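Subject: Structure handover

Dear colleague,

Please find the structure below, sequence included. My notes on it follow.

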Amino acid sequence: MSEAPRPARAHTGATGRDAVVVGGGLAGVTAALALADAGVRVTLLEGRPRLGGLAFSFQRGDLTVDNGQHVYLRCCTAYRWFLDRIEGTALAPLQNRLDVPVVDVDKPEGRRLGRLRRDPLPVPLHLGRSLAAYPHLSLAERASVGRAALALKGLDPTDPALDGQDFGTWLARHGQSPRAIEALWDLVGVATLNAVAGDASLGLAAMVFKTGLLSEPGAADIGWAHVPLGDLHDRLARKALDSAGVRTELRTRVTSLSRYADGRWSVQTPGETIDTDAVVLAVPQRETHDLLPAGALDDPGRLLRIGTAPILNVHVVYDRPVLARPFLAALGTPVQWVFDRTAASGLREGQYLALSQSAAQDDIDAPVADLRERYLPELERLIPGARTARVRDFFVTRERTATFAPTPGVGRLRPGARTKAPGLYLAGAWTATGWPATMESAVRSGVSAADAALGALGRPRPRHLFQFEEAA
C-alpha cells in the first residue's frame, strides 16, 4: 500500500467525521445518505451530469424517456427503504397482488393469454391455482414444475458449491422440459438475472426464485415507477442528499486515490484534491479496478474477470392506444416484456410502449433499421391493436454493460464491502450482496459499505437506518 506525506491543504472537516463517495448511482447515493444520516460529513462525486447511474431518464422531444424499464419486487426491502428515504414510495407503487399476463403468440387468438398470479394463501399454495391453470404448459409439465420448485426451496443459495453450477443443467436434471424452461423459468429468470438458465449461476438463480416466489406470499408482487426514473433517482435523490447536508458534485471525475501515512485519504479530481477519513468507491468494477490503490485487494484482477451482460430497450410510439394492460410478458416471439410508458413519459396522444430485452447479446449492436424490421411485426403478432396503428416514433436505447454477467463462478469474484486498505470500501450491484445485478443489490451494497465505514469511523449506527431484513 503506497502512502504519501501530507501536503498542506484544506480538508473536509474534523478527523473521524469525513467521507467521500465516488459514484452517484443507487449504491453511491445510498451510501452517502446512510453516512450523512449518521452524522458524517459527506462529499459525493459523480462524473455524469446527473445521479441515478444506469437507471435514468432523458428527453426526446416532448417525451421523457427512461433508458430502460426497471421494476422491483415486494421482497426488495432495501430498495423499498431507499424509496422511503427519498420520499418516492408513492411514485413507484407495488401491485396489490402478483398478476402477470403471459401471451403466447404461437397459439390461436383467443387461447393465447395465461396469467401468473398469486392467491392469499401460504407458500407454496399461493401459486398453486395459477400453476395448475397455466395454459402454456402441459399437465405433466406443470406437475414437474411443482416438484422442481420444492427441490429448489431446499437449496441454500449461499452454498459455494451452487455458485459453480449452471441453472439450466439443474433444471434439466429435475425434469424440466425445454418448454417449461422457456415458458416459466426463463420468463422470470431472464428478466431478473439477465441470462438464460444455461448461462446463470445456480446459486444466484436459487436466490431469486427462493426469495421472490418461495419465501412470502407477496414477495413477488411487482412495483415500477409511474414517473420517469429521473424524478426518483436524480431529482428526489438530490433533494434528499441536499437535505442531509451532502455536498454533491456532478461532472466530477475522480482520477486517483492515495492514502497518507496518518491513515487519511486523498481523492484527486481534475479541479480539486479532497482529504477525507473514508472513501466509498461506488463505480463499476472496471473503474474500481483502475482506481484501487496497490494492496487494497489480494487479487484485483478478479474484478476484470467479472463479465458484463447487455440489455436492449426498444421504444415505440403509436398514434393510438393499442395495449390496455400496464405490461405483459410474451412467449413464441423475440419480444420479452412490454410496458406502457405513456403517462410516465408525458405523451398526450397515442401510446408509448417500451420493450425490455434482457440477455440481448444478439441484438445489442444491430442497426436501428434492422431492429425496426424485426420488432414491429412481432408487436403486431403480439398485440392486435398494433396492426392498424401508425408508428409515430421508433428508437432504441442500449446498455452494453447493463449488469454483471451472472455466470457460474461469478460469486467467487465478487468482493465484499471491506478492502485491505483501512478506510476504503466498495459498493455497487456487482459486489458480494448475494443478489443479482438489480436495484436491490445496488442499494444493499451501499448500506454494507456505509455500515463498514461507520464502524471504522467510530460513528454510531442510527436505529432508524437499515430497517430492512438482512441489509448487509
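This is a predicted model: local features need pLDDT of at least 70, side-chain atom pairs count only at pLDDT 80 or more; totals for chains, interfaces and linings use all residues.

Residues are numbered from 1 along each chain as its sequence is written, and side-chain values use heavy atoms, with hydrogens and water left out.

Thr419 sits in the loop between strand S19 (391-404) and S20; helices (H or I, at least four residues) and strands (E, at least two) are DSSP runs numbered from the N terminus. Its relative accessible area is 14%, so Thr419 is buried (buried means under 20% relative accessible area, exposed over 50%, partly exposed in between, with a 1.4 Å probe and protein chains only).

The open sheet

S20 belongs to an open sheet of 5 strands, ordered S10-S3-S2-S14-S20, with parallel pairing; two strands pair if DSSP finds at least two bridges between them. Its edges are strand S10 (247-249) and strand S20 (424-426), each of which pairs on one side only. From one strand to the next the twist averages 15 degrees. Within the sheet, strand S2 (residues 18-22) and strand S14 (residues 278-281) run parallel and are joined by 4 bridges, with Val20 opposite Val279 in S14. Helix H13 (residues 439-457) lies across S2, S14 and S20 and runs at about 160 degrees to S20. Axes are lines fitted to C-alpha atoms, for helices over the stretch in contact, and angles run from 0 to 180 degrees between N-to-C directions.

Strand S12 (residues 265-269) is largely enclosed by the rest of the structure, because 5 of its 5 residues are buried. Trp265, Val267 and Thr269 point one way from S12, and Ser266 and Gln268 point the other way. S12 pairs in the antiparallel sense with strand S11 (residues 256-260) over 4 bridges, and Ser258 has Ser266 as its bridge partner. S11 and S12 form a hairpin with 4 residues between them, and Gly263 in the turn has a positive phi of about 100 degrees. S12 also pairs with strand S13 (residues 272-276), again antiparallel, over 5 bridges. Trp265 stands opposite Thr276 in S13, and the hairpin of S12 and S13 has 2 residues between the strands.

Salt bridges

The whole structure holds 25 salt bridges, each a side-chain nitrogen of Lys or Arg within 4 Å of a carboxyl oxygen of Asp or Glu. Arg74 and Asp221 form one of them, with the closest N and O atoms 2.9 Å apart. This pair links distant parts of the chain, 147 residues apart: Arg74 is in the loop between strand S6 (71-73) and helix H2 (77-85), and Asp221 is in the loop between helix H8 (202-213) and strand S9 (222-224). Arg74 is partly exposed at 26% relative accessible area, whereas Asp221 is buried at 0%.

Arg381 and Glu378 form a salt bridge at 2.8 Å between the closest N and O atoms. Both residues lie in helix H12 (residues 368-382), 3 residues apart, about one turn of the helix. Arg381 is partly exposed at 31%, and Glu378 is buried at 14%. Asp18, Arg264 and Asp277 are linked in a network of salt bridges.

The annotated span

UniProt, in an unreviewed entry, lists residues 26-453 as "domain: Amine oxidase"; its positions are given in the numbering used here, feature names are shortened, and annotations may be inferred rather than shown by experiment. That span is 32% helix and 23% strand, and its end C-alpha atoms lie 17 Å apart.

Regards

Conventions. Contact means heavy atoms within 4.5 Å.
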